[in-house]
Protein chains: 2
Amino acid sequence: MRYYIGVDIGGMSIKVGVVEQSGKLAIKNTFETRIDQTAESVVRQLGDFILEQINLAGLSISEIAGIGVGIPGTVHENIVRYSNNLHWSMVPIVDILASQTGFPKEKIFAENDANVAILGEKYCGVCKDVEHCVMITLGTGVGTGIVSHGTLITGNGSCGAEGGHTVIDPKGARCTCGRRGCFETFASATALMRMTNDAITKNPDSDLATLAKEKGVTGKTVFDAYKTGDKTARRIVKKYFSYITLGIVNIANLLRPEMVVLGGGVANEGEWFIKTIQKQVDKDVYGGSTVNPPVVIKKASLGNDAGIIGAASLVMYSLK
Amino acid sequence: MRYYIGVDIGGMSIKVGVVEQSGKLAIKNTFETRIDQTAESVVRQLGDFILEQINLAGLSISEIAGIGVGIPGTVHENIVRYSNNLHWSMVPIVDILASQTGFPKEKIFAENDANVAILGEKYCGVCKDVEHCVMITLGTGVGTGIVSHGTLITGNGSCGAEGGHTVIDPKGARCTCGRRGCFETFASATALMRMTNDAITKNPDSDLATLAKEKGVTGKTVFDAYKTGDKTARRIVKKYFSYITLGIVNIANLLRPEMVVLGGGVANEGEWFIKTIQKQVDKDVYGGSTVNPPVVIKKASLGNDAGIIGAASLVMYSLK
């Protein structure tokens, strides 16, 4: 059996897993991301940590197909050009890992974490063997990963796949990217919480306000109030669905994926959340979804280990 | 030298050219599109016409690398699934052409005309050897053709690359696709003429209105009045630029092309038109255009023979 190393680098911790072809984890462990140290020092520690995990899994180097690394930032040609979260700039992560682990460079791969996420779903998750698929992660922002005609679409200098930064209403809120009304400003968990808080201020007597007072506001609050029949919550949820669908259909009309995978906390709202979006996408997508092939909406399937499995899938993709 | 047959099928006429590797036309001729006849009959006539052109060019079949056909409609796996303009449905164009010409099926290719257009620019035009490029044609509608990582992006069932149908303002005009405020409803020549006519009705004393009375309204009228300093025209032109840039940057953020090629009559407005858009795109595109690679805006370069050269380029692309 062949094994893959998946590394999920985050601002707080670095997760490393030894992953089977199926996506099953043989072993996984975590160490702290020391952002007070140089990138080179952190990557060298990572190299040692990887070798330890292979050892702990009772495997030899020859059983490892390669090492994949997912990083929050811009990664191009295996160099971390910039990561705001990690305070890294122009880090030749593959060269350093190769020198520290003894793995040949040709077996080590690094990519942006949103790109890695769609590969995880394509190789080990809900869109296995799907040639056209897009992952949209509804988190602090809106991240997108794109596979089209079986190719990971990252664009020139790996600066593309920024679906969160497509304007869907120029009268919307100012986005961190400088424009107004990006998809991200409507569809992220942050946006949903902002809309929830605004509605609470305007409707202090609503069930939504009461619920928020009891439990605080999260991306879930407005959905919980919606289920009690609260009118204020219904208005927000309706608006949220209309915008999220708008953004998905825009991306779908450009790329016509077979599947759109929704990730992030908000997407965990349940089957009704996915079904509501599916219904509207079926109606709005270019040429409809009966004569033309449908764009199927699915919830992300890899849970907490998505980052590790995605990074391991980057190896599967790169060596295919 | 290798030659390529390029066929540009339109609702009025079918243009056939014998094209050199460079995109230069050895010969070109046209015959009427008989939409009163069956698709099979028209395609068989086309087959005979192609053989005639090869003969007229003084070439033998063995010198022809292949036949490429560009069609206004949905083409998937070499079958014309649907063409509104031609009244064609499920036409196995490659099979018919193969039987009529004696060319093997493996050397005949058919594609949607917007997809063929970007291949023409990539193989014989302004974005030669560019691996990430998008063509946006500003005509009756807004057509888009996409090449990303060297691959023609057509999506599942070849139903993608519909960049004209991405909503950029949900309060915009109703689009033919059913949604509101698609890029097409702001950026097409049709949209520009609608905006011009609306402005004339509201400002009957403007230079724009006078000019329109003299010469009639085309996609050029508002630009001509703009150049005389007319305030009404300036307002429309400013609005048009803001929307066209918005749509381009949306597509650019998703695909990060190295080059965006603008085609259609409106794009012929001149160098200032391209430069104005370039300036705003440089400013708005995700992460800017200094640290990240710029998205270069260019005017389409192939002129009246673009359809033929594009179709010939489809053969170069498919046999590469």
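Visitor: What makes the meeting of the side chains of D169(A) and K171(B) a salt bridge?

Guide: In this predicted model, the N to O distance between the side chains of D169(A) and K171(B) is 3.3 Å. The cut-off is 4 Å between a side-chain nitrogen of Lys or Arg and a carboxyl oxygen of Asp or Glu, so the pair D169(A) and K171(B) qualifies at 3.3 Å. The count of salt bridges between chain B and chain A is two.

Visitor: Which elements give two or more residues to the side of chain B that touches chain A?

Guide: They are β10 (142-148), β11 (151-152) and α8 (231-255) of chain B. The largest share, eight residues, comes from α8(B). By residue class, that side of chain B divides into 20 nonpolar, 16 polar and eight charged. There are also 22 residue pairs in polar contact between chain B and chain A, both residues being at pLDDT 80 or more.

Visitor: How much area do chain B and chain A bury between them?

Guide: The two chains bury about 3500 Å², 60% of it on carbon and sulfur atoms. In chain B, N156(B), R179(B) and L254(B) lose the most area to chain A, together 21% of what that side buries. In terms of contacts, 44 residues of chain B meet 43 residues of chain A.

Visitor: How do you know that β12 and β13 of chain A pair?

Guide: Pairing requires at least two bridges, and four bridges join β12 (residues 259-263) to β13 (residues 296-299) of chain A, so the two strands count as paired. They run parallel, and M259(A) stands opposite V296(A) in β13(A). The chain crosses from β12(A) to β13(A) through helix α9 (residues 271-284) of chain A, in a right-handed β-α-β crossover.

Visitor: What makes β5 and β6 of chain A a pair of strands?

Guide: Three bridges join β5 (residues 74-76) to β6 (residues 79-83) of chain A; the requirement is at least two, therefore the strands pair. They run antiparallel, with V75(A) opposite V80(A) in β6(A). Their hairpin has two residues between the strands, and E77(A) takes a positive phi near 45°.

Visitor: In what sense do β6(A) and β7 of chain A pair?

Guide: β6(A) and β7 (residues 88-91) of chain A pair in the antiparallel sense over three bridges. The bridge partner of Y82(A) in β7(A) is S89(A). In this hairpin, which has four residues between the strands, H87(A) takes a positive phi near 60°.

Technical notes
Residues numbered from 1 in each chain as written. Chains lettered and ligands numbered in written order. Predicted model: local features only at pLDDT ≥ 70, side-chain atom pairs only at ≥ 80, totals over all residues. Heavy atoms only, no water. Right-handed = clockwise from strand over helix to strand, strands pointing away. Contact = heavy atoms within 4.5 Å. Buried area = accessible area lost by both parts, 1.4 Å probe. Polar contact = N/O pair within 3.5 Å; in protein donor to acceptor, adjacent residues only side chain to side chain. Nonpolar A, V, L, I, M, F, W, Y, C, P; charged D, E, K, R; others polar.
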